[in-house]
Amino acid sequence: MVTSMTGYGRGEATGEGKIVTIEMKSVNHRYLETMIRLPRTYTVFEERIKSYLKDVFLRGRIDVFVNIEETGEIKRKLKVDKELALAYYESLKEIAKFLSIEQKIDLMALAQLPEVITIEQPEEDVELLWPVFLEALEIAAQEMQNMRIEEGKKLAADLLERKNYISLLMEEIRERSELMVKEYQEKLTARIQELLGTPPVDEMRIAMEVAIMADRSNITEEIVRMASHLDQLELFLTGDGSVGRKLDFLVQEMNREINTIGSKANDLIISQKVVAIKSEIEKIREQVQNLE
């Protein structure tokens, strides 16, 4: 199925006293490019995240944001710096004696002095958190992939509608091209008679002129190739795998054919339809940029 490169996903998992939240968004890009922002402590997981995303997505710029919170389940220890507390105490006594003021040293006030009591962070084995990371990553990636698939369906439907419209215009061009030579012959005959008056018209000469004109304005090959390109377009849009680059090349070929038709067919009606088709092809080209 056709997949868009635009999407968003969010995943959350809990374990090892942590809540891991991963958010990711993707936009169109020629290749797969991943930008990961996560706390410095866990940078060891960056390459693993990139490797996982590489297995899931083929194209697009993916920005990944990782947030880690503690659940409060981790037991912390308080560390008392007794020597520092004693030093504070002795210093306060010395100040009281020097200023000749009553010595009243409150225990709570002493405990609140800098570095007397500190929270001792337990050593963390970051590897234990990788399964939690992976769970959140899988949820976020799946959510984003689902969004990309839904967006891809909408894009494919729009592109198929435009393809059908182009097919209709191309059929009108084909029908018009068959009448064009006959109309040219009639106009040429009428013009010669108008200029020369009543003398008989040289039918051979007119036939030669019409033949030259028909050869120069023959767009049969271009019409056939355009029909083939449109069939391929539908085939890609209804198939599987990455089709963005294939469609990008196909659109270039469609542009080439319609430009040739416009330059060869010296006809106002065909020219108008060529302009309409070129407009549709440009819209297709813009949409194709968003496909994986």
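At 6% relative accessibility, Glu 257 counts as buried, because a residue is called buried when its relative accessible area is under 20%. The model examined here is a predicted one, and within this model Glu 257 has its place in helix 7. The side chain of Glu 257 makes a polar contact, at 2.9 Å, with the side chain of Arg 225. When its neighbours within four places in sequence are left aside, Glu 257 is found in contact with Glu 222, Met 226 and His 229 as well as with Arg 225.

Helix 7, which spans residues 244–264, also contributes three residues to the lining of the second largest pocket, and this is the largest share of that lining. The pocket holds about 200 Å³ of space, and among the residues that line it are Asn 28, His 29, Arg 30 and Tyr 31, together with Gly 244, Arg 245 and Asp 248. Sorted by class, the lining of this second largest pocket comprises four charged, four polar and three nonpolar residues.

Most residues other than glycine have a negative phi. Glu 16, although not a glycine, has a positive phi of about 55 degrees, and its place is in the loop between strand 1 (7–15) and strand 2 (18–27). Glu 115 is likewise not a glycine and has a positive phi of about 70 degrees; this residue lies in the loop between helix 3 (107–111) and strand 6 (117–120). Glu 115 counts as exposed, because its relative accessibility is 54% and the term applies to values over 50%.

Note on methods
Residues numbered from 1 in each chain as written. Predicted model: local features only at pLDDT ≥ 70, side-chain atom pairs only at ≥ 80, totals over all residues. Heavy atoms only, no water. 1 Å grid on protein atoms, 1.4 Å probe; cavity = no way out; pocket = protein on both sides within 12 Å on 5 of 7 lines; lining within 4 Å. Points joined across faces, edges and corners; volume = space filled by probe spheres on them. Helix = DSSP H or I, 4+ residues; strand = E, 2+ residues; numbered from the N terminus. Nonpolar A, V, L, I, M, F, W, Y, C, P; charged D, E, K, R; others polar. Buried < 20%, exposed > 50% of the residue type's maximum accessible area, 1.4 Å probe, protein only. Polar contact = N/O pair within 3.5 Å; in protein donor to acceptor, adjacent residues only side chain to side chain. Contact = heavy atoms within 4.5 Å.
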